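Hello,

Here is the structure for your files.

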Amino acid sequence: MMIEFLNLGSVNVRYREELRDAAVRVIDSGWYIRGQEVAAFEEEFAQYCGVKHAVGVGNGLDALRLILCAYKELGVLNDGDGVIVPANTFIATVLAVIQAELTPILVEPDPTTFNLDPHRVRDFLETERIPGTDTRFPLCKVKAIMPVHLYGQLADMEAICAIAKSADMKVIEDAAQAHGASLHGKKAGSLGHAAGFSFYPGKNLGALGDGGAVTTDDRDLADVVRALGNYGSHRKYFHDYPGLNSRLDELQAAFLRVKLKHLDEEVVHRRNIAEVYRGTIKEKSVQLPTAGDLGSHVWHLFVIRHPLRDALQKRLAETGIETLIHYPVPLYLAGALSKYRQPKGTLPVTETLCETVLSLPIGRHLSWNQAIQVSESINTGS
């Protein structure tokens with residue numbers, strides 16, 4: 001029997017009636033851009049995250065890019081300023097920095113959590129040398145840190161925020177994979193100065209299409225983000241900024257309102273599956289992911305490490321178990337980032353992760369028994 005990595009039809013069928021009612025409500029309203037559904041979702045998501053403001057945007061990349069561009073309009077950032085980002089992340093994190101005409105500074109992760117390593121951030125700030133190179137980057141131009149809550153586990157935000165505070169830098173959370181994760185009662189999206197979320201369909205809180213949001217307690221930032229995503233306009237035909245078209249769709253907002261009510265249930269199920277894996281995978285060559293403090297991991301992905309990752313993936317596929325690799329290529333070796341290309345071997349922790357990580361199926365489509373079957377296949381090869 002095939003065990004799929006993800007089955008969105010199975011995930012969403014449990015909400016079928018609510019989603020259908022939401023769609024009908026939007027269709028009948030006759031208002032499809034920035035209407036009551038978007039306004040209501042923004043209020044509900046802000047309340048869920050524990051912040052004063054949420055702004056719906058087109059996708060997760062735009063959420064991060066609009067935050068950075070808004071800080072430029074507010075005079076906090078300037079062209080060419082440095083933004084510290086983890087070297088192992090999805091490319092959108094770095095594209096947001098580049099598209100805002102800022103400079104990404106790739107810093108190695110902690111090899112146990114896969115998240116940005118605060119110790120390495122401090123090392124960079126002390127030496128002013130771009131990690132893995134002899135190139136100097138003046139400390140006065142490093143203006144922000146963008147930690148990614150990779151795979152659903154919160155980065156070490158207490159340490160990162162302390163570093164940023166001492167250096168007068170902004171902290172912008174890439175929370176695209178961490179909906180609902182929390183630390184000491186504070187949720188992802190409320191731990192830095194601002195945060196960008198993605199509602200890509202496969203996320204823990206996923207739309208039925210693209211979508212994203214910015215969360216913050218900073219009213220000025222929220223106002224500029226909202227205008228920038230609307231052609232730079234607060235009022236129709238009056239354009240204050242060189243903006244773009246990035247607005248959360250009214251229909252997707254209605255769907256997200258339905259699924260937000262069930263997000264905590266989704267997280268509980270993912271945590272249960274993660275505990276099944278963590279308790280039943282016994283293969284000695286497998287390095288299991290760390291769980292972190294209670295509440296800090298929402299298991300968007302369950303990522304193991306194995307020295308013969310490709311062989312393991314092939315063997316699991318032969319038994320009908322679908323797995324994926326997040327992410328196989330270091331960003332500084334990607335053709336799209338050729339301007340920032342560095343020699344192979346520059347950031348060894350990142351490269352080792354790219355060569356050894358493997359994502360197992362996890363989500364509402366997966367049963368406990370299927371998770372145990374995955375574990376048994378890893379343990380026995382059968």
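Which helices each supply at least two residues of the lining of the second largest pocket? They are H6 (118–127) and H7 (157–167); helices are DSSP runs of H or I with at least four residues, strands runs of E with at least two, numbered from the N terminus.

This is a predicted model, in which local features need pLDDT of at least 70 and side-chain atom pairs pLDDT 80 or more, while totals for chains, interfaces and linings use all residues. Residues are numbered from 1 along each chain as its sequence is written, and side-chain values use heavy atoms, without hydrogens or water.

A pocket here is an open set of points on a 1 Å grid over the protein atoms alone, where a 1.4 Å probe fits, with protein on both sides within 12 Å along at least five of seven lines; lining residues have an atom within 4 Å of a point.

The second largest pocket holds about 280 Å³. Its lining has 18 residues, with Thr 113, Leu 154, Ala 155, Asp 156 and Met 157 nearest the centre.

The largest pocket has a volume of about 620 Å³. Of its 30 lining residues, Phe 90, Ser 198, Tyr 200, Lys 203 and His 300 are the closest to its centre. Helix H4 (60–73), helix H5 (91–99) and strand E8 (194–198) each give two or more residues to this lining, and H4 gives the most, with three.

No disulfides (cysteine sulfur pairs within 2.5 Å) turn up in the whole structure. For Cys 161, the nearest cysteine sulfur is that of Cys 49, 15 Å away.

Regards

How values were computed. Grid points are joined across faces, edges and corners, and a volume is the space filled by probe spheres set on the points.
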